[in-house]
Each structure stands twice: as C-alpha cells, then as structure tokens.
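Good morning, colleagues. I would ask you to look at the structure on the screen while I go through a few of its features.

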Amino acid sequence: MSVEVENLKFYYRTRKGSVKALDDVSFSIADGEILGIAGESGCGKSTLSNGLIHVCPPMELAGGSVRLDGKNLPLDKPDEMNTYRFRNLSIIPQYALNAMNPTVKIGRYVQDLMQSRGIDYSAIEKLFADRLRFVRLPEGIQKRYPIELSGGMKQRVVMVISTLLNPSLLLCDEITSALDVSTQKVVSALVAAFRDEKIVKSVSFVTHDVPVLYQIADRILIMYAGQVAEAGPTEEIIHAAKHPYTQALVAAMPEMASTYRQKKHASIPGKPPALLDPPEGCRFKERCPYRMPCCDERPQKRLVGNGHEVYCWKEDL
Amino acid sequence: MKKYISRKIFMYLLTFFVAISINWLIPRMMPGDPILNLISKLSRQATNNARLYAELNQKFGMDKPLFSQYLLYLKNLTQGDLGQSIIFYPKTVAAIVSKALPYSLTLTIPAILLSFLVGNYLGALAARKKMLDNTVLPFWYVLTATPYLWLSMLLAWLLGSKLNLFPISGAYSFSRLPSATLSFVLDYLHHWVLPFASIFFVQLGGWAIGMRNLIIYELDADYSKYLRALGAPDKLVRRYAYRNARLPQITGLAVQLGVVVVGAITTEVVFGYPGIGLILAQAILGQDYFVVQGAFLMVVLCVLGANFFIDIAYIFIDPRVRHSMIGD
C-alpha cells in the first residue's frame with residue numbers, strides 16, 4: 001500500500017467551535033490504483049485533499065496519521081511538509097484554470113518554481129517539454145502567458161506541472177467540474193494515462209461526479225458528513241451498493257434519455273447534519289429509511305466482500 | 001501595435017481639445033468682472049474709469065462676442081501665445097507659468113515618487129507581518145485622511161515657528177536671488193524640506209494602504225495557493241504577489257503624476273511657495289482668466305501626458321493588457 005490514511009481528522013476552527021469537516025477517516029490506496037472519492041457538497045472530500053497537501057488556519061489536524069511509501073507525513077508541520085509537497089505528493093487543484101500567475105510565462109514559472117525548490121531547471125527542461133507533448137500541448141507553450149491559453153490547455157499545463165517530479169500520490173480535487181463534457185473526458189483519461197505511464201503511483205480522485213469515477217476509478221470511496229460511508233471496487237459500488245446512502249446517491253444519478261417529466265429523480269429527504277455539532281452515532285441516521293435504535297452508536301467497519309467495506313448497522317447488507 | 005497606439009493618440013488629442021475648451025469656458029463663468037477688479041486696484045479715483053475700462057476691455061479682447069473670444073483663444077494657443085496676465089499686467093502668462101513651473105515640479109515629483117516607493121515597500125512589509133500591520137495601519141489611515149493644508153500648517157508651526165529648524169515661507173531666502181551657487185542650492189533645499197514633507201507624508205499613507213490591501217488580496221489568490229501547494233517557499237509566493245500587486249499602484253501613480261503641477265496647491269499657499277499652485281490660487285481670486293487658463297493648460301498636459309505614458313508602458317509591463325489590447 002503506498003498510501004495509508006488512519007483515523008484522520010481535519011477540523012476547521014471557528015468562533016462557535018470546531019467544524020468537524022473530516023472526522024475519523026481511514027482508507028488506503030494501493031500502488032497503481034486510482035481511488036475515486038465521492039459525496040455531496042460539504043461531505044469533506046475537498047477538505048481531505050487540501051488538508052493532505054497543506055494544513056493551514058482555520059483548518060487544523062485534529063488527529064490521525066497518513067503514511068506515504070512507509071513514511072509518516074508531518075501534516076502538522078507545514079514547513080517540514082514542504083519537502084514532501086510536489087516531490088512525493090502533489091495536487092491538481094479545483095481552481096486549476098486560475099492556478100498560474102497571469103503575468104508570468106509558463107516556462108519562466110516552472111523555472112522559478114524549480115529554483116525555489118533547489119532543483120536544477122536545466123536538468124528538468126527536457127522532461128517538461130516531453131510531458132507537454134505527452135498531454136498534446138503545442139510546441140513553444142513555455143513562451144506563452146497563461147492568459148493566452150484556453151481553459152482546457154491551462155488545465156493540462158497545470159496537470160503537467162503538478163506531476164513533473166513523479167509524485168507517489170496525486171490528489172485530484174474536483175478537476176473536471178469546471179470543464180465541458182468533452183474536455184472532462186480528456187482530462188480524466190490523462191489522469192489514467194499518468195498512472196499507466198507510472199508518472200504517478202497512486203491517485204486520489206475527488207469529485208461529485210459519479211459517472212466520471214465509473215470511467216476511471218479502480219475503487220470508490222463514498223463519504224457522508226465527514227466520514228466514510230462505504231468503500232469498494234468500482235463495479236460493486238455502482239451496481240451493488242450496500243450502504244443506504246450510496247444506494248440513494250447512485251439512484252439519484254440522472255439517466256440519459258429520460259426527461260424530468262417522465263421520471264423524477266430520486267432524492268434523499270432531509271439535509272446533511274451540521275458538522276459543528278454532529279449527532280452521535282451514524283451521521284446518516286436522520287435521513288435513513290432503515291433507521292434502528294442501534295444507529296445512535298457509531299457503526300463499525302464491516303467487510304462485505306473483497307476490499308468492500310461498509311459503515312452501517314443494517315443486518316442484511 | 002501601430003493601430004493601438006494611433007487609436008490612443010487620436011483619443012488623447014480629442015480629450016485635449018475638449019479639456020482646453022472647458023479650460024477657456026470655466027473661468028468665464030465666474031461671477032464678477034476682472035477688468036473692474038483690476039481698475040479698482042490700479043486707482044482709487046473714480047475719474048476716467050469708463051475710458052480706462054473700455055481701453056483695457058479692448059486690450060484683453062473681452063469686448064468681442066464670447067464665441068470670437070474662444071476662436072481667438074484657440075488661434076493664439078496654436079501659436080503658443082497664452083496671453084497677458086490681468087493681475088500681473090504686463091507680464092505674459094507664458095513667462096509667469098514657466099517661472100513657476102520648476103518650483104512645482106522639483107517639489108512634487110520627488111515627493112510623489114519617493115512616497116510611492118517608500119509607501120509600497122512599507123505596505124508590502126506590513127502585509128506579511130501581522131504585528132507591524134496592526135500597529136501601523138491606523139497611523140496610515142490617519143496620514144492619508146490628513147488634509148495637505150492641515151499637515152502643512154502643523155509642520156510649519158512645529159518645525160518652523162516652535163523649533164525654528166526650517167524656514168516657513170518662500171522657496172529661498174528673501175535676501176537672495178536665484179543663482180547656480182552651492183549656497184543658493186542649500187538655501188533652496190532648506191526651504192524645500194517642509195513643503196516636501198507635507199506632501200510626502202500624506203501620500204505615503206495612501207500608497208502603503210493600497211499596497212497592503214493589494215498584497216493581501218494577491219496572497220489569497222488561487223495562483224498563490226497553488227504555489228504553496230507545490231511547496232514553494234514564501235519568498236517566491238510573495239515575489240509573485242508583489243509583481244501583480246504593483247500594477248494597479250502604477251496606474252495610481254500616473255494619476256498622481258498627472259496632477260503634479262497643482263497637486264500641492266494648498267501646500268504652496270501655506271508656505272508661500274512660488275509654484276503653479278500658488279499662482280493658480282492668486283489667479284482665481286483675481287479672476288485672471290488668462291493665468292487660470294495657462295495653469296490649467298499645464299494640468300491638462302501633465303494629466304494626459306502621464307496617462308498616455310502609462311497606457312503605453314502597460315503594454316510592456318502587463319501581458320494581460322498587451323494580449324487584450326493588441327492581440328499579440
């Protein structure tokens with residue numbers, strides 16, 4: 001396992017108290033695996049990506065550990081983390097379209113970045129050009145400003161820069177949400193290609209777009225209100241989900257060739273709990289059709305298949 | 001590039017024409033009659049005033065219909081003739097303005113440029129040091145809200161009258177005549193300190209606040225977050241933020257440099273400093289149309305010149321402008 005996350009907690013400190021955005025989450029990503037992480041807005045999936053790369057106020061590490069290639073990441077020490085960032089773990093951010101400095105040419109940017117990290121740019125210049133070619137960007141893009149590129153091109157430039165030092169773990173944070181459907185496909189195919197070419201070892205692909213995950217993820221982790229609901233192989237999660245929330249989420253996906261009038265999408269009644277003061281036990285219980293008295297206690301992890309874990313009290317999963 | 005610049009030049013020429021027309025019109029909308037004003041100063045006798053009035057009126061061309069006066073003004077302007085002053089008769093406006101101009105420029109240009117440099121530096125420093133920011137920000141707000149007039153008087157009172165460190169009036173001692181000697185230059189600088197300081201400090205607060213706010217905004221921008229996510233040291237993040245934050249400041253500098261000739265009008269009045277500002281104040285009070293026109297002509301030239309310069313400079317310093325304006 002190249003990535004092992006154990007009991008990880010990221011809280012946001014506010015005046016009213018700690019918002020438990022990520023509360024006791026454990027999972028692992030194998031070498032060469034793309035783990036899709038899905039869930040609705042506010043479930044903690046972006047907090048997870050951001051916290052792994054940079055814990056900064058108001059976010060704080062409230063517990064847990066992350067092992068990358070057998071080494072514990074010093075998440076609570078931002079300066080020590082600097083040696084791991086970019087080199088061992090890297091991120092393609094949600095805001096990839098605005099990630100470049102608008103007044104600095106792309107080649108100059110990479111040069112500055114490398115110099116600041118103490119890496120000889122001339123040694124990496126050729127690799128950079130090869131990678132730009134690999135993502136099918138035209139020659140000479142190093143001499144251009146980010147504003148001169150289209151959205152899809154900017155996205156690919158950021159993808160190349162983020163993965164330039166062959167990190168073990170690549171965090172993709174909602175990278176397809178700002179793109180049109182055809183560009184989405186190119187971008188997610190590129191992430192898979194980075195993995196196939198062994199440019200990156202493992203990928204954590206965070207999105208709210210389950211159909212995109214179905215295309216590229218090997219395994220899917222479903223999050224709800226800051227905790228893991230279910231995790232398992234992609235086929236099983238999509239076609240044989242066990243957790244009531246996953247089932248509802250998959251059922252809520254729009255179908256092709258059916259209009260709103262013909263078939264109203266399934267939706268889950270109620271809303272997610274406030275994470276400032278989340279309820280005891282299962283966080284989905286208020287909205288769950290199968291609620292039982294024991295749901296007031298936190299459900300334990302149950303293995304229901306090969307690598308398929310469910311956090312639920314329901315007996316007949 | 002050529003098309004962009006020629007379009008700009010056309011726009012600036014048009015603006016210039018409109019501005020000088022307004023220049024001509026505004027003084028003439030003031031109530032009162034400058035010739036009567038002049039006569040009342042020239043003689044205390046009531047005799048022959050009607051004849052003197054008619055003569056002077058004709059002399060300054062004010063007996064003609066308003067529109068002919070306007071055409072005459074434009075015609076004279078193309079020949080570089082700004083007319084004769086009414087209150088300083090028979091001096092020409094060109095002579096008055098060109099004598100005052102060096103005093104204004106040597107006072108305000110150093111004050112504006114230095115406050116720009118120092119203010120931006122301090123603002124950038126404060127943006128990254130919370131403690132410093134909390135302590136000096138209120139001070140800057142007070143500075144920028146300070147009227148030039150009030151700070152000038154305060155400095156004149158404290159450093160001039162009370163401590164007797166600096167002279168409080170004129171650009172050089174009354175006993176001297178301007179000359180290119182070292183002792184004159186030292187005397188001139190001695191007189192220069194207080195007016196300079198009053199402009200410098202008021203401007204300083206504004207620049208520092210502007211830079212601080214811009215840097216804080218840029219440090220929170222997505223590109224700064226991405227740099228940090230890639231483990232770039234704060235030094236690089238700050239360098240990039242500063243690079244982008246200074247662009248709007250440069251626009252602000254163009255505006256300031258534009259009004260450089262009258263920017264110090266109240267300061268010049270307080271210190272009796274013989275620059276364009278003082279001349280303008282006297283001309284307005286004496287309803288001297290021609291001097292007001294001449295002084296404002298300098299303002300128009302400076303504002304347009306500085307803005308034109310920045311418009312062109314932006315092509316080189318901001319690739320976004322280059323891209324959107326020219327498309328190459």
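Strand 10 of chain A, residues 227-233, is largely enclosed by the rest of the structure, because six of its seven residues are buried. Please bear in mind throughout that this is a predicted model.

What does strand 10 of chain A pair with? Strand 9 of chain A, residues 219-224, runs antiparallel to strand 10 of chain A and is joined to it by six bridges. Within that pairing, A:Y224 stands opposite A:Q227.

I turn now to the nonpolar core. The largest one has 160 residues, and those with the most contacts inside it are A:V157, A:C172, A:F205, A:I222, B:I279 and B:A295. Helix 8 of chain B, residues 182-219, provides the largest share of this core, 13 residues. In chain A, domain 1 and domain 2 each supply at least three residues to the core. As for A:V157, leaving aside neighbours within four places in sequence, its contacts are A:M100, A:I106, A:L137, A:I141 and A:L149.

Finally, the contact between the chains. Chain A gives 22 residues to it and chain B gives 18 residues. On the side of chain A, the largest share, three residues, comes from helix 3, residues 106-116. That side of chain A comprises 12 nonpolar, six polar and four charged residues.

Terms used
Residues are numbered from 1 along each chain as its sequence is written. Chains are lettered from A and ligands numbered from 1 in the order in which they are written. This is a predicted model: local features need pLDDT of at least 70, side-chain atom pairs count only at pLDDT 80 or more; totals for chains, interfaces and linings use all residues. Two residues are in contact if their C-beta atoms, placed from the backbone, lie within 7 Å. Helices (H or I, at least four residues) and strands (E, at least two) are DSSP runs, numbered from the N terminus. Ala, Val, Leu, Ile, Met, Phe, Trp, Tyr, Cys and Pro count as nonpolar, Asp, Glu, Lys and Arg as charged, and the others, Gly among them, as polar. A nonpolar core is a set of buried Ala, Val, Leu, Ile, Met, Phe, Trp, Tyr and Cys residues joined through C-beta atoms within 7 Å. A residue is buried if 20 or more other C-beta atoms lie within 10 Å of its own, exposed if 12 or fewer, and partly exposed in between; C-beta atoms are placed from the backbone. Domain bounds come from an automatic or database domain assignment. Two strands pair if DSSP finds at least two bridges between them.
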